[in-house]
Amino acid sequence: DTLNDWYWPEAVAENVPNMDSSSYKISNQHDYILLERPRDYVVVPDEQPAMLAELVAACKQSGTRNVLIVGPNTKVALSTLDGIDLGEQIAKSRLKIAVVEVHDAAAEDAEFLENVVWNRGGQIRFFGSKKEAEDWLGTS
């Protein structure tokens, strides 16, 4: 499939993404796109489609599918249904996402999101270090 086949959420399809949101920063690291979340960032369902659209746009621009998400002390405010919805959106994006965060979600919740994404043909993994994440992305 081509870059043009990537999922683009309808809610932001007509808007040019803002690559420097007030709640996170997206940058091109050559081999992957880096999303940096600030301390105490809260993962809420309403913001995820726009963030995902920004990641897809950044990946299209740089010609990669690899994404590294990092953040200290992330809070997760997602229900089980929100996790399923987010997992489906991530799978549709066709991005390969590595996550290195200290978060308040239970290990089972992170594993649940991984399973939702992988069971729908997507790729996401949670890691304890940036090096492990970069190795998985094939960028180290």
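Q48 touches R37, Y41, V43, L86 and Q89, when residues up to four places away in sequence are not counted; a contact is defined here by heavy atoms within 4.5 Å. The structure is a predicted model, in which local features need pLDDT of at least 70 and side-chain atom pairs count only at pLDDT 80 or more, whereas totals for chains, interfaces and linings use all residues. Residues are numbered from 1 along each chain as its sequence is written, and side-chain values use heavy atoms, with hydrogens and water left out.

Q48 belongs to helix α1. With a relative accessible area of 3%, Q48 is buried, a term that denotes under 20% relative accessible area, while exposed denotes over 50% and partly exposed the range in between (1.4 Å probe, protein chains only). A polar atom of the Q48 side chain lies 3.0 Å from the backbone oxygen of V44. Helix α1 also contains A53, which counts as buried at 1% relative accessibility. The C-alpha atom of A53 is separated by 9.8 Å from that of Q89, although the two residues are 36 residues apart along the chain.

The chain as a whole comprises four helices and six strands. These elements are DSSP runs numbered from the N terminus, with helices (H or I) of at least four residues and strands (E) of at least two. Their order from the N terminus is β-β-β-α-β-α-β-α-β-α.

The largest nonpolar core holds 23 residues, of which L55, V67, L95 and I97 touch the most other members. Such a core is a set of buried Ala, Val, Leu, Ile, Met, Phe, Trp, Tyr and Cys residues joined through side-chain atoms within 4.5 Å. Two or more residues of this core are given by each of β2 (33-36), α1 (48-62), β4 (66-76), α2 (80-93), β5 (96-103) and α3 (107-119). Helix α1 supplies the largest share, six residues. Another core, of nine residues, lies apart from this one and includes Y32, V70, A98 and A133.

Of the 140 residues in the chain, 43% are buried. Among contacts between residues at least 6 apart in sequence, 76% join residues at least 24 apart. The chain exposes about 7,400 Å², and carbon and sulfur atoms supply 47% of this area; accessible areas come from the Shrake-Rupley method with a 1.4 Å probe, and for residues only the protein chains shown count as cover.

How values were computed:
Polar contact = N/O pair within 3.5 Å; in protein donor to acceptor, adjacent residues only side chain to side chain.
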